[in-house]
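Subject: Structure handover

Hello,

Here is the structure you will be taking over. Notes on what was found follow below it.

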Amino acid sequence: PMAAPPPDFEPPAWLEFLRRHIWVIMGGLAIITITLLRPYMRHVPDPPEVMFTLPSDYALVDHEGRPFNAETLRGEVWVAGFVFTRCPSSCPAVTRAMQDLYERFERNSIDVKIVSFSVDPEYDTPEVLGAYHDEFATEDDEAWRFVTGDLAAVTALLEGGFKLGVGDRTETDGLFDIAHSVKLALVDGDGNVRGFYGLDPTPHADGGLDELFERADRVMMMERSKRK
């Protein structure tokens, strides 16, 4: 058996401090360990399957008048949304959701692009979209583009390419509206649409922004591996 310490034994100060604060120290170590391991514990879902491929012959322009076609974002992962600047109803929510994704991708150094297509291209010229762009994006024009073009070309891409309906423009009490989808589309580097996602911040039956963020990250990882 171990000998008992002498009656006048005084433990060193560090040992007494450890005895008094052992649970605080253990809790702090646990928090540090979890923080360090969090990147390795995060669940990243598999990339979604290819739904269909966008056409290769569309020719549009962005908010700076630069060409936007099937080769513009070749090899890039991007999220597409559909808005127009005079929209009185759903478009502000779509743009806020895209801004949220834009900022989240930037904070996490995930190189996923954002593209907003105007469903009112006759009014939304590059000049109009340029001013709209500056309300929501930084000067990094390569990360978020607002796209317009000939009405027939835009409609063909949305309906024939993304397979989303676009209604006729209506006017009520001086307000213009155009029925269109508020879903966000995830597109891979080969122009394949990988899924459509709703605007809710959390996942539900048709997905949400969190799921879109994770799926985009996974598709981005897949694209990186293809480049190696």
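Predicted model: local features only at pLDDT ≥ 70, side-chain atom pairs only at ≥ 80, totals over all residues.

Arg104 lies over the face of Phe213, 4.5 Å from the ring centre; a charge counts as sitting over a ring if NZ of Lys or CZ of Arg is within 6 Å of the ring centre and within 35 degrees of the ring normal.

Residues are numbered from 1 along each chain as its sequence is written, and side-chain values use heavy atoms, with hydrogens and water left out.

Aromatic pairs

The structure holds 15 aromatic pairs. Rings of Phe, Tyr and Trp (its six-membered ring) pair if their centres lie within 6.5 Å; planes under 30 degrees apart are stacked, over 60 edge-to-face, and the rest tilted. Phe105 and Phe213 are stacked, because their ring centres are 5.4 Å apart and their planes stand at 15 degrees. Phe105 belongs to helix α2 (residues 91–107) and Phe213 to helix α5 (residues 209–227), so this pair ties together parts 108 residues apart in sequence. Helices here are DSSP runs (H or I, at least four residues), numbered from the N terminus.

Phe105 is buried at 2% relative accessibility, and Phe213 is buried at 6%. Buried means under 20% relative accessible area, exposed over 50%, and partly exposed in between (1.4 Å probe, protein chains only).

The rings of Tyr132 and Phe136 have centres 5.1 Å apart and planes at 65 degrees, so that pair is edge-to-face. Both residues are in helix α3 (residues 126–136), 4 residues apart, which is about one helical turn. Tyr132 and Phe136 are buried.

Ring pairs also link Tyr58, Phe68, Trp78, Phe82, Phe117 and Phe162 into a cluster.

Gly161

Gly161 is in helix α4 (residues 151–161) and is buried, with a relative accessible area of 0%. Thr53 is 108 residues from Gly161 in sequence, yet their C-alpha atoms are 7.5 Å apart. Leaving aside residues up to four places away in sequence, Gly161 touches Phe52, Leu54, Pro55 and Ala156, where contact means heavy atoms within 4.5 Å.

Met26

Met26 is part of helix α1 (residues 13–41). With 43% relative accessibility, Met26 counts as partly exposed.

Regards

Terms used: Helix = DSSP H or I, 4+ residues; strand = E, 2+ residues; numbered from the N terminus.
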